[in-house]
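Dear colleague,

Please look through it before reading the notes that come after it.

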Amino acid sequence: MSSKRGDDVPPPPVGGEWRLRFGTSEAAKGWGDLCAEAPGNARRCFEALRTSPLSGRDPDRQHRLRGRMATRVFGGVELPQWEYEVTAGGRVRYVVDEAARTVHLVHASPRHPKDTDV
C-alpha cells in the first residue's frame, strides 16, 4: 500500500524492532477506525507487534490462531496467523514473516470478526 498526502508517517523500525505493514486495504481502513475509537489500546497493540509479535506472555490479549485459521497464505507463502485483542470487540489479525522480520496486518476492526463465531 502506497502512502499518500495526508497519511500518517509511520516510525521506522530501529534496533530489534519488527517492520509493520498493511497486508490488505481493509486492514489499513480498519486500523484507522481502531485508532480513532481506542487510541491508547491501538498504540499498545502497535508497540507489542513492533517489539514481540510472537509473544505468548499474555495469551488473553495476543495469541496464535488455531485450527483452519492457524496459518494464512500471504504472498504465496504459508505464514503463521496471530491475533491481538485491542478492545473487547476490536481485533487485529496479522501474519509473521520471520525471515524478513515483518508483520503484515491482514485484518483490523473495532468490531469482533464473525469468522471465529461458531
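The notes below describe the charged and aromatic side-chain pairs.

Please bear in mind that this is a predicted model.

**Salt bridges**

The count of salt bridges comes to seven. Three of them are described here, beginning with the pair formed by Arg111 and Glu37, then the pair of Arg43 and Glu47, and lastly the pair of Glu83 and Arg93.

In the salt bridge between Arg111 and Glu37, the closest N and O atoms are 3.2 Å apart. Arg111 is located in the segment that comes after strand S6 (102-109), whereas Glu37 belongs to helix H1 (residues 25-37), so this pair ties together parts that lie 74 residues apart in sequence. Glu37 counts as exposed because its relative accessibility, 51%, is over 50%.

Arg43 and Glu47 also meet through their side chains in a salt bridge, at 2.8 Å from N to O. Both residues lie in helix H2 (residues 39-51), where they are four residues apart, or about one turn of the helix. Glu47 has a relative accessibility of 29% and therefore counts as partly exposed.

**The pair of Glu83 and Arg93**

Glu83 and Arg93 form a salt bridge in which the closest N and O atoms are 2.9 Å apart. This pair links distant parts of the chain, with Glu83 in strand S4 (residues 77-85) and Arg93 in strand S5, ten residues apart. Strand S5 itself covers residues 91-97. The side chains of Arg93 and Glu83 are also in polar contact, at 2.9 Å.

Through salt bridges that share partners, Glu83, Glu85, Arg91 and Arg93 are joined into one network.

**The aromatic pair**

The structure holds one aromatic pair. The ring centres of Trp82 and Tyr94 are 6.5 Å apart and the ring planes stand at 20°, so the pair is stacked. Trp82 lies in strand S4 and Tyr94 in strand S5, which means that the pair ties together parts twelve residues apart in sequence. Both Trp82 and Tyr94 are buried.

With kind regards

Terms used
Residues numbered from 1 in each chain as written. Predicted model: local features only at pLDDT ≥ 70, side-chain atom pairs only at ≥ 80, totals over all residues. Heavy atoms only, no water. Helix = DSSP H or I, 4+ residues; strand = E, 2+ residues; numbered from the N terminus. Polar contact = N/O pair within 3.5 Å; in protein donor to acceptor, adjacent residues only side chain to side chain. Salt bridge = Lys/Arg side-chain N within 4 Å of Asp/Glu carboxyl O. Buried < 20%, exposed > 50% of the residue type's maximum accessible area, 1.4 Å probe, protein only. Phe/Tyr/Trp six-rings, centres within 6.5 Å; stacked < 30°, edge-to-face > 60°.
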